[in-house]
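Colleague: Could we go through this model together and look at how its parts meet? Please put it up and I'll start asking.

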Amino acid sequence: MIDRFVRVLEEILAKDERSALVLSGIRQYSFRKSMEKYPERVFDIGIMESTAVGFAAGLAAAGMIPFLHTWTPFLIERAFEQLKLDFGSQKLEGNFIGAGASYDLTELGESHYCPEDIAILKQIKNMQIVVPGTATEWEQLFLQSYQNGSPTFYRLSNEVNHTENVVVFGRANIIQKGNKGTVVVVGPLLDTVLKAVGDKDVTILYYTTVEPFDYTLLRENISGNRILICEPYNKSAVLYNIIDALRGEFLKIEMVGIDINAKCCLGNYQDNIPALGLDEKTIASKLQKLLQ
Amino acid sequence: MTTHEKKVRQLKERMLEVSYKNQQGFLPSAFSILDILVTLYYEIMEEEDQFVLSKGHAAFGLYAVLEDKGILEKGELDTFGQYRSRLSLMAERGISGVLFSTGSLGHGLPEAVGMAYGNRAKKRENRVFTVIGDGELNEGTNWEAMLAAYKFGLDHLVCILDNNHTTEQGIDLTNLRRKFEAFNWHVEEINGHKEQELADALNQKHHVPYMIIANTIKGKGCSSFEQQAGLWHSKAPNEEEYKMLLKELNEND
């Protein structure tokens with residue numbers, strides 16, 4: 001996804017003089033050509049995430065389209081108040097491209113983990129949240145949303161699906177229809193879910209935009225009252241949306257996602273997937289239990 | 001009494017009236033920056049120039065100026081802090097003349113730096129003025145923004161520090177001039193209640209970002225505020241106090 005992000009941003013920077021890419025201590029080498037070509041619009045502000053977000057709000061107020069790229073934990077957790085007040089409350093247009101989703105930076109330890117990113121961002125009014133499953137999906141969603149007048153967070157992850165879907169910002173996809181239950185899966189967990197589901201008679205709904213959440217598709221396509229929610233970050237970020245969409249219904253819910261007290265044991269991400277509860281076996285087991 | 005002094009007095013009287021009627025307002029903070037605001041809005045700023053208030057507690061003062069200038073509707077200040085009013089105690093983006101929401105300290109300067117940068121990228125030549133408080137200088141974002149402003153060569157950015165010594169309650173920032181100069185800003189230090197000093201400082205040419213240390217008195221104009229700024233920080237006057245404060249305002253001249 002990172003390579004695609006660099007390519008797409010370079011294209012936007014070349015054609016739209018309103019675009020400005022603000023890096024905060026990251027990826028200066030990847031963008032070296034753009035930094036040379038458009039020094040006024042592509043630069044590293046330095047390692048000052050809170051100020052970088054406020055600065056980006058100033059750019060937006062001046063009529064620019066800011067793209068701010070830095071590591072996710074420092075962007076979301078250190079600069080939360082700036083995201084909330086300078087962008088969310090003021091409904092300024094801005095694009096935040098986070099690197100290092102959940103436990104992508106496995107070997108770096110706790111400071112660089114950010115599995116709570118989506119749950120935190122969902123508390124910010126007007127904040128749009130995109131969790132693509134592939135680089136192509138990211139590109140589709142990005143191009144549809146980056147200048148729609150609201151702040152948007154794009155979660156770039158190392159984990160990607162092999163399955164490609166044509167995705168539309170703000171809408172979910174029906175992957176398959178079934179009768180005995182519904183699986184709601186977010187972004188890069190789709191491949192694992194498809195393996196875990198196998199030939200079970202369930203509906204699979206695929207979400208790549210989690211804010212705004214597609215209520216309509218869920219209401220119109222839910223099969224029965226059993227729902228398995230599968231998220232690639234801390235579990236339950238979209239739980240509220242699902243209960244809200246189906247309020248008044250008697251629901252039986254099971255969740256797949258990272259537990260808040262999960263322990264990542266360094267090494268590589270793949271090694272940690274079972275302990276984080278995102279593996280095929282865990283998903284299949286939870287689905288089996290739900291359908292019993 | 002000069003035209004400037006008359007205007008400042010008129011706006012302070014208006015704020016006292018509204019504060020008394022609505023039982024709202026951070027009057028000492030607003031009074032602290034009134035001379036700065038009047039100099040900016042009535043003498044210095046041209047139509048295309050932009051102003052960013054960072055110290056949200058002084059929003060009342062900004063509203064009073066915006067109403068007097070006709071940017072807010074006449075009489076709108078009477079709704080200040082009331083149910084369904086647009087005018088919250090801390091100014092919010094969306095109100096005419098308010099470019100950024102205020103309230104949380106340390107946000108205004110980074111936003112002003114970004115806006116000044118964006119203006120230049122859009123080939124605009126207007127100036128960006130911002131007022132920050134010395135109390136909020138404890139927030140690290142101000143110093144980060146100063147680093148960025150110099151790095152980006154923002155010579156059309158002017159920051160006025162309302163130095164009313166609030167920071168002494170927390171970490172007292174001594175030798176402010178040396179600190180700002182160490183960040184490579186152009187620095188002037190003036191009396192923030194003297195019209196001529198303000199005008200001279202604001203008219204100065206500068207080739208790097210410009211910091212004006214405006215030494216001020218919190219609650220300037222009413223001796224009760226000046227002597228007990230802490231007590232009056234968020235207190236609105238009752239009828240007796242309102243009359244007393246009006247009298248103090250007149251005696252001050």
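This is a predicted model: local features need pLDDT of at least 70, side-chain atom pairs count only at pLDDT 80 or more; totals for chains, interfaces and linings use all residues.

Colleague: How many residue pairs are in polar contact across the interface of domain 1 of chain A and domain 2 of chain A?

Modeller: Residues are numbered from 1 along each chain as written, chains are lettered from A and ligands numbered from 1 in the order written, and side-chain values use heavy atoms, without hydrogens and water. A polar contact is a pair of N or O atoms within 3.5 Å; within protein, one must be able to donate a hydrogen and the other to accept it, and residues adjacent in sequence count only if both atoms are side-chain atoms. With both residues at pLDDT 80 or more, the number across this interface is 12.

Colleague: Which residues form a salt bridge with the closest N and O atoms 2.6 Å apart?

Modeller: The rule asks for a side-chain nitrogen of Lys or Arg within 4 Å of a carboxyl oxygen of Asp or Glu. Between domain 1 (2-155) and domain 2 (173-291) of chain A, with bounds from an automatic or database domain assignment, the rule finds one salt bridge. The pair at 2.6 Å is A:Lys122 and A:Glu211.

Colleague: How much area is buried between domain 1 of chain A and domain 2 of chain A?

Modeller: Buried area is the accessible area (1.4 Å probe) that two parts lose on being put together, summed over both. Here 23 residues of domain 1 of chain A are in contact (heavy atoms within 4.5 Å) with 25 residues of domain 2 of chain A. Carbon and sulfur atoms give 59% of the buried area, which comes to about 1800 Å².

Colleague: And between the chains, which three residues supply 25% of the area that chain B buries against chain A?

Modeller: Chain B and chain A bury about 2000 Å² between them, 60% of it on carbon and sulfur atoms. More than any other three residues, the ones supplying that 25% of chain B's share are B:Arg93, B:His107 and B:Tyr117.

Colleague: Which element gives the most to the side of chain B that touches chain A?

Modeller: Across this interface the rule finds 12 residue pairs in polar contact. With 10 residues, the top contributor is α4(B).

Conventions:
Helices (H or I, at least four residues) and strands (E, at least two) are DSSP runs, numbered from the N terminus.
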